[in-house]
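The following note sets out points for a colleague reading this structure. Please keep the sequence and the model open alongside it.

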Amino acid sequence: MNGQGLDGDAGELGALQARLQAVANIDRGIADALHLIPDDVTAFWRSRAQVEFARRLADLADRLVLARTVLDDAQSTMQRGVDALAAGSHG
Amino acid sequence: MGDITISGGGSTMVGTDGMLESSRRLADLAERLGPLRDGLAFPPPAAGAAAFDASTDLAIAQDAVEQGRALAVRLRDQLHEAAQRYGMIERAAADELERRGALLGYLAGAFAPALLIELLGALPFVASFLLGADLVTGSSARTVELGRRFVADHRGLLRDPRAVELVRQVVSGADDGILGLAGMPYPVARALDDRATGLFGLRGAAGVISALAPGGMLKETPVTVAGASAGAAAAPAGFADLASRIPHSEPGAPQVRIERYDTGGARPSWIVYVGGTIDTGFVPHGEPWDDTSNLRGIAGVDSGSARATREAMAQAGIRPGDTVLPVGYSQGGIVATSLVTSGAVDADGLVTFGSPTGQVPLPAGVHDVAVEHRDDVIVALGGDPLSADDGGLQRVVVRRVSFDGPLPVGESPIQAHLMSNYAATAQQMDASSDPRLLSMRERVTALTGGAPAEVSLWRGDRVEVSVAPADGGGDPSATR
C-alpha cells in the first residue's frame, strides 16, 4: 500500500495493533479509576456543604472522562489504521 | 443515622468516616493514574502508520490524566490537613475544658461549706416559690406532678452532646473538688491530678467515695460462678458479630460468654464477652454486675464482676499465656479493660462498647477499639480520656451521635447507651474501610482462624454477707 512491501506493512500493522491494545488497556484502567469517585462520594461532600470540595471531585472526574473520550477517538483512528494496513498487507 | 468518626490508633487525625474514606480513595486514585499517564507516552510511530497513530489525541488524554492525578493528590493532602486541624482543635478544646472543669471542681469543693450555708439561706425563697406555684396549680400534689412531668418531658436534654460533655467535666473535676474540700492549695491539687501523675484523680476520687460509703453501700462481697449453658457458633466476622454476642443485661441471666477456638496451636485462643450493669443499686445484693462493681471498677480496684469473670475464665479452661480477646459493653467494658491492665490475660486486643474507660492507661502494644456515642452520658462518667501526651492515641475511639434529626428531648437519655444502638454503630464499623478498624477485624480473624467456636455461658452471683462489726465484712478477695 505504501510501497514498502508486505514485510514492512506487517511490522507497522503489528506495532499499531500493539499500541491500540495498550490504549484500550489504559482506557479500561481509567474507567476502573473513575469508579473511585462515584456520584455518591461527590454527593456526600455536597450534603455537608463542602461544595467546593465536591466541585473539585467532580472536576477530577470530568478530566478522566475527557481522557476517555479522547482515547475513544484515538482508538477509532488507530482501528482505521489497523484496518487499512491489514487490507494493504493482503492486497 | 449519624456518621462514625474515628480518632486515635497512633494517628493525630480525627475525621468522619466519610472524610477518611474519601482520602483513601483519592490516594488510591492518584496511585493508579500515575502508571496510566506514563503508559500513554508512546514512542514515535513507524512512517507507514503515522497517519493513524492519533498522537494528538493521546497527548491530550495524557495531559488530562496527569491533571486528574495532580488534583487527586492535592485533594488528598487537603483532606489530611483538614483532619489534622480537626484533631488539633479538638485536643485544644478538650484540654481547655479539662482545665476549666478542674478549676470549677476545685472551687466547688473549696467553697462547699460556704455554698451549703448560702443554700440554707435560700430555703425561705424556695419555700415561697413553691407556695406561689401551689397557688397557681391548685395544690402541692399538682405542682409535684407538673414538675415530674416537666422533667420527664425534657429528660432527653441529657442526650445533648454538650450536656454529656458537661457531665464529663463535672466527673473529671470530682477529684479536684475533694482536694479543694480538704483545703489543698489549687496548684498542689493540679499537680496531683492523675491525668499527669497518677497520684489522685477520678480513680482516687471513686476510691474515696467507695471507702467512705456508709453501711453496706459500695462494699464488696465474695462471688460464686457457675456455667449456665454451652453450644457452638461460627467465628465472628466483624464488630457487629462481637456486639451481638455480648450477654444481655437481664436479672438472673449469664453475664459472661466465652468462646474457645482450636486453631491447631498448642493452646486454644479465646474471646471473652462481658455484659453490662444489671443491678443499679448501690447496696450489693446477689448481682455482681451492680453499681458497687461500677464504682470500684472506675476506681481501679477489684470488683465482684471482674472476679466473677476471671473465675469463669479459669473454669472454662483459660490458662495464663493463652491468647484472649476481651470484649465488653458498659460495665463489661470496665471488666474487659481490667483483664488487660491487670495482666490476667495475654491480650493484644480489646473491644469495648459504651464503657467509661477513657482514663485507663493500657499496656503498650494492646490494640484497643472503644466505641462511644457522643450522646451517651454513661461514657462521660469515665471523665476526660487520656491526652495524646499520656498515651491516649493508643485507643482507637469510634464516635457517633446515636439519634437522627433534632434532639429527642422526650426520650430517656439511656437510649444512647442501649446495646441495640451500639450494635447499629458496629454495623457501620464493619462497612468502614478505615485501616484501624480493618486491622482489628483482621486480628479477630487471626485469633479464631475462622474455626467454629465452642461456646460457654457463665453466671456470677454475690454471696451476701452480713457486715461484721470488727472488719466490716467478709474477705472480698475470696472468690468461692
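In which sense do strand 3 of chain B and strand 10 of chain B pair, and over how many bridges? The points below begin with that pairing; the model is a predicted one.

1. Pairing with strand 10. Strand 3 of chain B and strand 10 of chain B are antiparallel, and 10 bridges hold the pair. Within strand 10 of chain B, A453(B) is the residue opposite A233(B). Strand 4 of chain B also runs antiparallel to strand 10 of chain B, to which it is joined by five bridges. There, I258(B) has S456(B) of strand 10 of chain B as its bridge partner.

2. The sheet as a whole. These pairings belong to an open sheet of 10 strands in chain B, with mixed pairing and the order 2-1-9-8-7-6-5-4-10-3. Strand 2 (11-16) and strand 3 (223-233) of chain B are at the edges; each has a single partner strand, so one side of each has no neighbour in the sheet. On average, and with direction ignored, neighbouring strands of this sheet are turned by 15 degrees against each other.

3. A parallel pair. Strand 6 (residues 324-329) and strand 7 (residues 349-353) of chain B run parallel and are joined by three bridges. Y329(B) has F353(B), in strand 7 of chain B, standing opposite.

4. Helices across the sheet. Helix 14 (residues 419-431) of chain B lies across strands that include strand 8 (367-373) and strand 9 (395-400) of chain B, and runs at about 125 degrees to strand 8 of chain B. Helix 15 (residues 435-448) of chain B lies across strand 1 (5-8), strand 4 (256-261), strand 5 (269-274), strand 6, strand 7, strand 8, strand 9 and strand 10 (453-462) of chain B. The angle of helix 15 of chain B to strand 8 of chain B is about 120 degrees.

5. A helix pair. Two packed helices are described by the angle between their axes and the distance between the axes. For helix 3 (residues 112-137) and helix 4 (residues 140-153) of chain B, the axes come within 8 Å and cross at roughly 95 degrees. Helix 3 of chain B contributes L130(B), A133(B), D134(B) and T137(B) to the contact, while helix 4 of chain B contributes S140(B), R142(B), T143(B) and L146(B). By class, three of the contact residues are nonpolar, three polar and two charged.

6. Contact between chains. In chain B, 29 residues are in contact with 35 residues of chain A. Helix 1 (17-39) and helix 2 (55-110) of chain B each supply at least two residues of the side that touches chain A. The largest share of that side, 11 residues, comes from helix 2 of chain B. By class, the side of chain B that touches chain A has 18 nonpolar, six polar and five charged residues.

7. Positive phi values. Most residues other than glycine have a negative phi. A54(B), however, has a positive phi near 55 degrees, and is found in the loop between helix 1 and helix 2 of chain B. S330(B) likewise has a positive phi near 55 degrees; this residue lies in the loop between strand 6 and helix 12 (331-341) of chain B. Are these residues buried or exposed? A54(B) has 27 other C-beta atoms within 10 Å and is therefore buried. S330(B) is also buried, with 27 other C-beta atoms within 10 Å.

Conventions:
Residues numbered from 1 in each chain as written. Chains lettered and ligands numbered in written order. Predicted model: local features only at pLDDT ≥ 70, side-chain atom pairs only at ≥ 80, totals over all residues. Pairing = 2+ DSSP bridges. Helix = DSSP H or I, 4+ residues; strand = E, 2+ residues; numbered from the N terminus. Axes fitted to C-alpha atoms, helices over the stretch in contact; angles between N-to-C directions. Contact = placed C-beta atoms within 7 Å. Nonpolar A, V, L, I, M, F, W, Y, C, P; charged D, E, K, R; others polar. Buried ≥ 20, exposed ≤ 12 C-beta atoms within 10 Å, placed from the backbone.
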